[in-house]
Each structure stands twice: as C-alpha cells, then as structure tokens.
Amino acid sequence: MGDPGIPSPNTVGAGTLADSQKLASILRVCQRMNSERDLNTLLDLVVVEAARLLDCERGSIFLFTSTRDELVSRIALGSEQTIRVRAGVGIVGAVASSGEAIVVNDAYSDPRFFQGVDNTSGYRTRNMLALPLIAADGESIGAFEILNKRTGAYTPEDVQIGLSLAANAALAIQNAQMIGELRRHRAALETENRNLLRELGGRLPAQSLLGLSPQIEALRTLIERVSDADVTVLITGESGTGKDLVARSIHFASPRARGPFVALNCAALPETLVETELFGVEKGVATGVERRIGKFESAHGGTLFLDEIGDLSTMAQAKILRVLQERTVERIGGRNPVPIDVRIIAATNKDVESAILKGQFREDLYYRLNVVRLRTPALREIGQDVPLLASYFLGEAAREMKREGLELSAPALAAIRTFPWPGNVRQLQNEMRRAVVCAHGPSIELSDLSEALQSTARETLSTIEPAAVPEPSSAPSASTQARSLQDEVEELEKRRIRDALNACGFNQVRTARQLGLSRQGLINKLKRYNIVAPNSGDSSPEPEENGNQTE
Ligand SMILES: Nc1ncnc2c1ncn2[C@@H]1O[C@H](COP(=O)(O)OP(=O)(O)OP(=O)(O)O)[C@@H](O)[C@H]1O
Ligand SMILES: [Mg+2]
C-alpha cells in the first residue's frame with residue numbers, strides 16, 4: 001500500500017458491537033467464497049458482497065488473459081459490458097501490475113482515471129477503491145474495484161476490509177479456475193476415452209478361431225487365403241458355429257483391417273427401413289429429418305457384413321443387388337449417386353439353394369455373393385476340439401466372474417467329451433458359464449454340469465462292463481486326470497505353434513498373426529514351451545498389426 005491516496009489503517013471502531021458484526025459478516029462471506037466451486041458464481045458473490053460490506057454502488061473484477069497483456073472484466077455489477085484494459089493502463093491496470101491498492105476519492109480529478117469506460121456506459125464514477133488479486137504463489141491474477149461509496153470517503157477500515165476480501169477472493173478464484181480446468185480436462189479425456197473404446201469395440205475381433213481339428217485348420221487356411229483378395233465371401237453354417245467370428249477374422253486379416261467393419265443383421269431389417277438403413281437419407285427430405293448415413297456408406301473403405309442374408313426380403317435383395325452391380329448408393333432425397341468402396345461378406349444359416357428353387361432368394365444375387373464360400377463346422381463335427389474350446393470358455397467365464405484358476409475335474413471333462421454336442425458352440429460356452437456359477441470348490445465337478453451332461457455321463461458309465469471299470473484304488477486320481485487335460489491342451493498348443501513357425505519360415509510376426517496372438521504373446525509361449533527357432537527370421541521389418549488379439 002505505497003499509494004499516497006490510501007488512508008493509513010488506524011483503530012477506527014475497534015472493539016465496538018458494529019465492528020464485531022462486520023467481522024462476522026466478512027468471515028461468512030469468506031466461507032461462502034471458499035466453498036464456491038463455480039468461477040462465475042464466485043465472482044458474482046465477491047462483487048455483490050464487497051459492495052454491500054463497503055456500502056458501494058458497483059464493483060468489477062478484472063482478470064489477466066493467459067498472455068497477461070490485457071485485463072478483462074469478468075463481472076461488472078450493474079453493467080453488462082465487457083471491459084478490456086491493457087496491462088498497466090488506468091487505475092485497475094496499475095493495481096494489477098503493482099500489486100498495491102489504490103484509493104481514488106475524486107475520480108475525475110485523478111489523472112490515472114480512464115474516463116473512456118464511463119463515456120461508453122453513461123455511468124459516472126465518483127470514487128473508487130481498487131485492490132490487487134494476489135494468488136497463492138504471490139503472482140497477481142488481476143484486480144478488483146468497487147465504485148461510488150454512498151456516503152463519505154473510503155476509511156482505512158474500508159481498505160482493510162477490501163484487502164481481506166481481495167486476498168481471500170484471489171485464492172478462491174484460483175481454486176475455482178483450477179477446478180474448472182480439471183473438469184474441462186476430465187470431460188475431454190472422457191470423450192476421448194469413449195471415442196477410443198467405440199473405435200476399438202468395432203475394430204478388435206473378440207477372439208480368434210480356436211480348434212486344431214482338420215475342419216478348423218482348413219477353415220483357417222481358407223480365411224488366410226481370402227483375406228488378402230478383395231473377393232466377396234459367403235459364409236454358411238448352422239447357428240452358433242462361428243460365422244460372425246470368421247467374418248471378423250477375414251476383415252481383420254485383410255488390408256481393410258484399419259477401415260470399418262460394419263455388420264447389418266438382415267433378419268432385423270423391416271421392409272419400411274431397408275432404404276434408410278442401407279443407403280441413408282439426405283437432410284430435409286421431410287420436415288425435421290436430419291442427414292443419416294446408410295450402412296454401405298458407413299462401411300466405406302472397410303467391410304460390410306451382411307448377416308442372415310437368407311432372411312432378406314425380396315425388395316431388399318433387389319436393392320442390394322443393384323448396389324453390388326453399380327458400386328454406388330443413392331441416399332433417399334439425394335441428387336447424386338455416391339461411389340462406395342466396400343468389401344462384402346455375407347453369412348447365412350439357411351439353405352439358400354433350396355430358397356432359390358422355391359423362388360424366395362434371387363439367383364443373381366446369390367451368384368454375386370457366393371464368389372468364395374466358407375462353411376463353419378458344427379460342434380458335433382469337431383469333437384476333438386471340444387476339450388480345447390471347453391477349456392477356453394471356462395477360462396473366459398472364470399475371468400468374467402472373478403473365479404480364476406477354476407479347473408475341470410476328470411469326471412466333468414469326461415462328461416463334456418462324451419456328450420453328443422449338437423452343433424451350436426454357444427451351448428458349450430453356456431455350459432461352462434453355468435458350471436462356473438455352480439462350482440463352489442477349486443474345480444468343476446460332474447454335479448456342477450447341467451442335467452443333460454450328467455445323465456449322458458451316467459449312461460456311458462453304466463454301459464461299461466464291470467470288469468472294465470477300474471477298482472477305485474487303482475483309478476487315477478481326479479487331479480492326475482485333470483492334469484492330463486492340461487497336458488493335452490499344451491501338447492496341442494505346442495504342435496500348432498511348431499506348425500505355424502514352420503509354415504511362416506520362423507518369422508515371429510507372421511507366425512503370431514497366423515495364430516491370432518500378439519507377438520509378445522507368441523514370445524511368451526515360445527519361452528514357456530522352450531521352443532527354440534533355428535533362425536528366428538525376424539530380420540524382415542514387418543510391422544505388427546493392430547489386431548493384437550488375446551491368447
Ligand atoms: N471355433 C471357435 N473358436 C472360438 N470361439 C468360437 C468358435 N466357434 C464359435 N465360437 C464362439 O461361439 C459363439 C457363437 O459364434 P458366432 O456368433 O460367430 O456364430 P454364428 O454362426 O454367427 O451364430 P448365429 O448363426 O447365431 O449368428 C461366439 O461367442 C464365438 O466366439
Ligand atoms: Mg452370427
């Protein structure tokens with residue numbers, strides 16, 4: 001307070017009842033300031049309360065801009081105007097730069113007073129108390145002025161009250177600014193996180209195709225072959241046999257992997273929505289209609305998976321055929337055809353050939369889709385893969401339900417092996433989920449399986465000749481048999497890894513991709529199984545793709 005205009009503090013009013021009431025009032029205001037998190041509400045509170053406590057007409061708070069070359073009024077009681085002042089200019093500028101308070105008892109006779117603001121606002125400033133806002137680190141963040149004391153001149157006590165309020169206000173403002181900054185930062189991170197998750201959700205295949213049976217091996221080889229070629233693929237197979245999984249595997253192994261994978265469930269496509277869903281709508285086609293992109297356009301640069309193609313209506317079949325022929329789409333209400341670059345993968349569990357014979361499916365569309373055909377085997381055809389799949393689904397369910405480490409007991413495994421699984425892989429998946437829920441011990445017992453599996457197991461046992469049933473004492477313990485499942489799975493895994501390494505010339509990146517593993521995942525397995533590649537062949541700098549599937 002080096003300014004000569006400031007009355008020196010004295011003992012005016014010390015100890016009176018009015019003083020203690022005022023002090024209590026100041027404390028209350030400070031408490032409210034400290035608990036206010038919203039910057040604008042806080043600024044408002046500071047100005048209103050300061051004007052009230054000092055019996056003034058108006059007040060304003062000026063804060064430095066981020067470049068600190070200007071002060072901007074953030075709140076001005078009684079005025080809507082935003083006032084900008086160059087740093088160091090006028091009374092507010094001087095206070096904010098020097099950190100010292102200034103009292104002006106007759107504004108128009110003070111050469112530092114800038115009359116421009118009054119000229120624009122039409123308000124006449126008579127007197128003013130300007131106070132610095134000093135942050136916790138001692139840096140000035142702006143200034144705070146109150147105008148036109150209603151009666152008399154500013155007293156030393158007024159200055160003290162003003163300084164106390166300003167000191168408290170500066171800290172509260174800084175806190176509110178930091179909280180606002182953190183909130184904005186958090187909101188930005190949340191948005192970014194949501195976008196990334198959405199993007200990842202559509203990009204990463206949930207899992208890779210498991211199985212070592214000749215049927216699955218053959219399917220895997222075909223997937224690899226068709227991935228690179230941009231041909232249309234038709235996947236057929238019973239319900240729940242991995243058609244979706246195969247479609248995604250093709251997309252993510254193809255050069256379009258970084259483009260979108262868009263799935264359209266044709267069975268859930270009502271006649272009335274076919275065109276909107278497939279081709280999109282131009283804005284304003286009808287009142288209030290917003291522009292909407294269709295599935296074909298959404299899949300541009302990527303793959304469009306037409307699922308359940310056997311359920312397409314005749315009208316939809318005709319529309320899709322036209323797009324496949326012309327490679328363009330026309331939005332409803334659009335003027336020009338939009339070219340599209342989309343790879344089509346279709347799937348069905350229906351017998352399309354007999355649908356053609358019955359006149360329910362267009363032959364010309366069928367031939368366009370059926371350029372390469374893949375068939376997913378039913379579970380009953382890949383019995384040898386049942387233990388591997390069961391063990392995978394068990395691990396998946398146990399992880400989800402926080403029951404890691406659960407194992408299949410020997411009788412439970414035997415029941416799963418011998419059960420005549422019809423076709424849908426989901427049945428085995430659900431059986432494992434159910435078992436994880438039912439199991440209370442460290443392993444899944446026969447009694448934790450569904451009644452169907454238990455009764456098959458009982459029937460199988462009862463058909464074995466009594467002599468063939470080993471004596472209880474000589475029967476291998478449950479843990480030895482459970483161990484044998486693990487050995488079996490490991491044996492299969494080792495064989496697959498060796499075969500893949502051979503097929504890929506011991507190139508780890510390619511081998512990992514073929515096995516649906518990340519490169520690190522492959523390296524971990526090589527270490528675990530002590531498999532040493534003669535020459536890792538990794539000198540070729542092939543980039544690892546984004547499809548770092550889980551093991
Ligand atoms: N060989 C496999 N390896 C790993 N998981 C598999 C395999 N086959 C099927 N699954 C799993 O079984 C479930 C059903 O597979 P998917 O949805 O791909 O079958 P779908 O043929 O598309 O079924 P739907 O006909 O009902 O549409 C999925 O959870 C899938 O991951
Ligand atoms: Mg499916």
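Buried means under 20% relative accessible area, exposed over 50% and partly exposed in between, with a 1.4 Å probe and protein chains only. This is a predicted model, in which local features need pLDDT of at least 70, side-chain atom pairs count only at pLDDT 80 or more, and totals for chains, interfaces and linings use all residues. Residues are numbered from 1 along each chain as its sequence is written, and side-chain values use heavy atoms, with hydrogens and water left out. The protein has 19 helices and 17 strands, where helices (H or I, at least four residues) and strands (E, at least two) are DSSP runs numbered from the N terminus.

**Overall composition**

- Of the 551 residues of the protein, 44% count as buried.
- The protein exposes about 28300 Å², of which carbon and sulfur atoms supply 52%; the areas come from the Shrake-Rupley method with a 1.4 Å probe.
- Among contacts (heavy atoms within 4.5 Å) between residues at least 6 apart in sequence, 69% join residues at least 24 apart.

**Helices α13 and α15**

- The axes of α13 (residues 386-400) and α15 (residues 425-438) come within 8 Å and cross at roughly 45 degrees. Axes are lines fitted to C-alpha atoms, for helices over the stretch in contact, and angles run from 0 to 180 degrees between N-to-C directions.
- Helices α13 and α15 are therefore oblique to each other, since angles under 35 degrees count as roughly parallel, over 145 as roughly antiparallel, 65 to 115 as roughly perpendicular and the rest as oblique.
- The crossing of α13 and α15 is right-handed, a term used if the near helix is turned clockwise from the far one by less than a right angle, anticlockwise being left-handed.
- On the α13 side, V386, L389, A390, F393, L394, E396, A397, A398 and E400 take part; they meet V425, L428, Q429, M432, R433 and V436 of α15.
- By class, this contact of α13 with α15 has 11 nonpolar, 1 polar and 3 charged residues. Ala, Val, Leu, Ile, Met, Phe, Trp, Tyr, Cys and Pro count as nonpolar, Asp, Glu, Lys and Arg as charged, and the others, Gly among them, as polar.

**V425 in helix α15**

- V425 lies in helix α15 and is buried, with a relative accessible area of 15%.
- Beyond its neighbours within four places in sequence, V425 contacts G240, T241, L379 and F393.
- The C-alpha atoms of V425 and G240 are separated by 5.4 Å, although the two residues are 185 apart along the chain.

**Helices α6 and α7**

- Helix α6 (residues 214-228) packs against helix α7 (residues 243-253) at about 45 degrees, with the axes 8 Å apart.
- That angle makes α6 oblique to α7, and α6 passes α7 in a right-handed crossing.
- The contact joins L219, I223, V226, S227 and D228 of α6 to V246, S249, I250 and A253 of α7; by class it has 6 nonpolar, 2 polar and 1 charged residues.

**Helices α18 and α19**

- The axes of α18 (residues 508-515) and α19 (residues 519-528) come within 8 Å and cross at roughly 95 degrees, and the two helices are therefore roughly perpendicular to each other.
- Q508, V509, T511, A512 and L515 of α18 meet R519, L522, I523 and L526 of α19; the classes are 6 nonpolar, 2 polar and 1 charged.

**R362 in a loop**

- R362 sits in the loop between α11 (352-357) and α12 (363-369) and counts as partly exposed at 30% relative accessibility.
- Leaving aside neighbours within four places in sequence, R362 is in contact with Q317, A318 and L321.
- R362 and Q317 are 45 residues apart along the chain, and their C-alpha atoms are separated by 7.1 Å.

Methods. Chains lettered and ligands numbered in written order.
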